[in-house]
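Please look through the structure below before reading on. The paragraphs that follow go from one part to the next.

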Amino acid sequence: MNPRRVLDGSDLRRLIEVRARALGFDILRVARPDSAPELPDRLAAWLDSGAHGEMVWMEERAGARAEPAGLWPEVRSVVMLGMSYAPERNPLDLLARRDRGAIAAYAQRRDYHEVMKGKLKELGGLLSAKSGRPVKVFVDTAPVMEKPLAQAAGLGWQGKHTVLISREFGNWLLLGALYSAADLEPDAPEAEHCGTCRRCLDICPTAAFPAPFRLDARRCLSYLTIEHAGPIPVEFRVPMGNRVFGCDDCLAICPWNKFAETSREGRLAARNDLEAPALHDLARLDEAAFRRLFANTPVKRTGRDRFLRNVLIAIGNSGDPALSDEAVRCLDDPAPIVRGMAVWACGRLLGSEACAELFARSGTGEPDAHVRAEWRAALAMPDGEIPLP
Ligand code: B12
Ligand code: SF4
Ligand code: SF4
């Protein structure tokens, strides 16, 4: 092929489809940038309801997020790509193993941003060279609404849990996008195929769906364990069970996963040591050990202290007195968020009498207001009874 020949339409489309497969993508579809006109209103309604919680970055550049042309006026085609990460075992099985931490399937492997970015850049480079038109590459890095655009491109549909489901890969697909200033042949949008099913809505441990197709992130364990910075509100701690990073319940229950195939992309293979890590080991991670264990995975983004917060809640939910030693050790952790959840875990595993002794040893000089409040709750004390240091 003459490298300087400019391609368009279906030729261009065929060329990038072949290269996308060779790069490890499982599926590619194309949408026109104006093919989801309902998005600005839907995004605005979601943001107005406050469902995004502390994710204020969702508010910033909302106009660019809601419409591809709002982000890049030159865009003529939106290329949506998916990479399968279907887990080999059902993630729901791990929830009964209370001495283990459950890490969401997407996070038990290399960070997909890192895996996809280079591949998308390569594909974008080819598309730009062969079309003679500029291309922009996004992997969850710019204000792009990937799920509805993927539906408009026919890659799948947004299920009642709001995640994109493909007929071939179930809901275990990670998404990436290319915006191109060239006219590529678009695909037909996919219709919704949930029918009367509502399994994902019913399984959610925190009732995070105010209605089908709508998620209140403030109640979602994925948000609470990953994005939320402070102490986890008390009402969600017991429902968290042993989930220490993300949540897969609504995805794992979806019947469309029977068609899912494991990833062809070797760099996205799940790590055995992150499949069911012992809470005992996770509770001992200091900063350096945390960074070593989770290097290149999505987990590293929460940082050690927030992750330990989640681990201590899982320990409190374990019902295993043998794990109380780990919680007791964390009462003296330098991070207040870790100390606070250690107090909660001790209260759950040891009861208020034992906590009174621990308080005398570790709690009396507590400088942090949140941790003092945790002590008051664990000791069943009325407000104000713990003196300020
Ligand atoms: C913010 C965010 C989150 C937030 C909020 C999730 C959410 N549902 O919005 C939190 C932290 C909770 C989260 C969790 C997860 N996330 Co996330 N997340 C994102 C992110 C960055 C933006 C999503 C977004 O735009 N939300 C805004 C809302 C308004 O959009 P929406 O969900 O599409 O909302 C639609 C409905 O509300 C609907 N709607 C509203 N009213 C009505 C009325 C009717 C009648 C109908 C039919 C529809 C409807 O229209 C809206 C627009 O389509 C995307 C990456 C990206 N840039 O797109 C990843 C992304 C969605 N996340 C992803 C993943 C993997 C997850 C988790 C599975 C991780 C985990 N295991 O813990 C969970 C899944 C939880 C769930 N059930 O959604 C993947 C999903 C891949 C896929 N196949 O869809 C994405 C696409 C990242 C990626 N590049 O692959 N995530
Ligand atoms: S990820 Fe978990 S907590 Fe969030 S909506 Fe799905 S089932 Fe509910
Ligand atoms: S579990 Fe049922 S309702 Fe939920 S997304 Fe899957 S098919 Fe749709």
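This is a predicted model: local features need pLDDT of at least 70, side-chain atom pairs count only at pLDDT 80 or more; totals for chains, interfaces and linings use all residues.

Around ligand 1, the shell has 23 nonpolar, six polar and seven charged residues by class. In total 36 residues surround this ligand, and the closest are Ala104, Glu146, Leu164, Ser222 and Gly246. Several elements each supply at least two residues of the shell around ligand 1: helix 2 (39-48), helix 6 (146-152), strand 7, helix 8 and helix 10.

Strand 7 covers residues 173-180, and eight of its eight residues are buried. On one side of strand 7 are Leu173, Leu175, Ala177 and Tyr179, and on the other are Leu174, Gly176, Leu178 and Ser180; both faces are covered. Which strands pair with strand 7? One partner is strand 2 (residues 77-84), which pairs with strand 7 in the antiparallel sense over eight bridges. Within this pairing, Gly82 has Leu175 of strand 7 as its bridge partner. Another partner is strand 4 (residues 135-138), which runs antiparallel to strand 7 and is joined to it by four bridges. Here Val135 has Ser180 of strand 7 as its bridge partner.

At the level of domains, the assignment gives domain 1 as 9-86 + 108-180 and domain 2 as 278-389. The centres of domain 1 and domain 2, taken over C-alpha atoms, are 39 Å apart.

Next comes ligand 2. Which residues surround ligand 2? They are His161, Cys204, Pro205, Thr206, Ala208, Leu215, Cys220, Leu221, Ser222, Cys247, Asp249 and Cys250. By class, this shell has eight nonpolar, three polar and one charged. Helix 8 (221-227) and helix 10 (249-252) each supply at least two residues of the shell around ligand 2. Both helices also each supply at least two residues of the shell around ligand 1.

In an unreviewed UniProt entry, the annotation "binding site" covers Cys204, Cys220, Cys247 and Cys250.

Cys220 lies in the loop between helix 7 and helix 8. Is Cys220 buried or exposed? It has 25 other C-beta atoms within 10 Å, and a residue with 20 or more is called buried, so Cys220 is buried. Leaving aside neighbours within four places in sequence, Cys220 is in contact with Thr206, Ala208 and Leu215. Cys250, in contrast, has its place in helix 10. With 25 C-beta neighbours inside 10 Å, Cys250 also counts as buried. Not counting residues up to four places away in sequence, Cys250 touches His161, Cys200, Ile203 and Cys204.

The loop between helix 7 and helix 8 also holds Ala207 and Phe213. Ala207 is not a glycine, yet it has a positive phi of about 50°. Phe213 is likewise a residue other than glycine with a positive phi, here near 75°. Ala207 is exposed, with 11 other C-beta atoms within 10 Å. Phe213 has 14 C-beta neighbours inside 10 Å and counts as partly exposed.

How are Cys197 and Cys200 placed, buried or partly exposed? Cys197 has 16 C-beta neighbours inside 10 Å and counts as partly exposed. Cys200 has 24 and counts as buried. Apart from its neighbours within four places in sequence, Cys200 is in contact with Gly159, Lys160, His161, Cys250, Ile253 and Cys254. Among these contacts, His161 and Cys250 also belong to the residues that surround ligand 2.

Notes: Residues are numbered from 1 along each chain as its sequence is written. Chains are lettered from A and ligands numbered from 1 in the order in which they are written. Domain bounds come from an automatic or database domain assignment. A residue is near a molecule or strand if its C-beta atom, placed from the backbone, lies within 6 Å of it. Ala, Val, Leu, Ile, Met, Phe, Trp, Tyr, Cys and Pro count as nonpolar, Asp, Glu, Lys and Arg as charged, and the others, Gly among them, as polar. A residue is buried if 20 or more other C-beta atoms lie within 10 Å of its own, exposed if 12 or fewer, and partly exposed in between; C-beta atoms are placed from the backbone. Two strands pair if DSSP finds at least two bridges between them. Two residues are in contact if their C-beta atoms, placed from the backbone, lie within 7 Å. UniProt positions are given in the numbering used here, feature names are shortened, and annotations may be inferred rather than shown by experiment.
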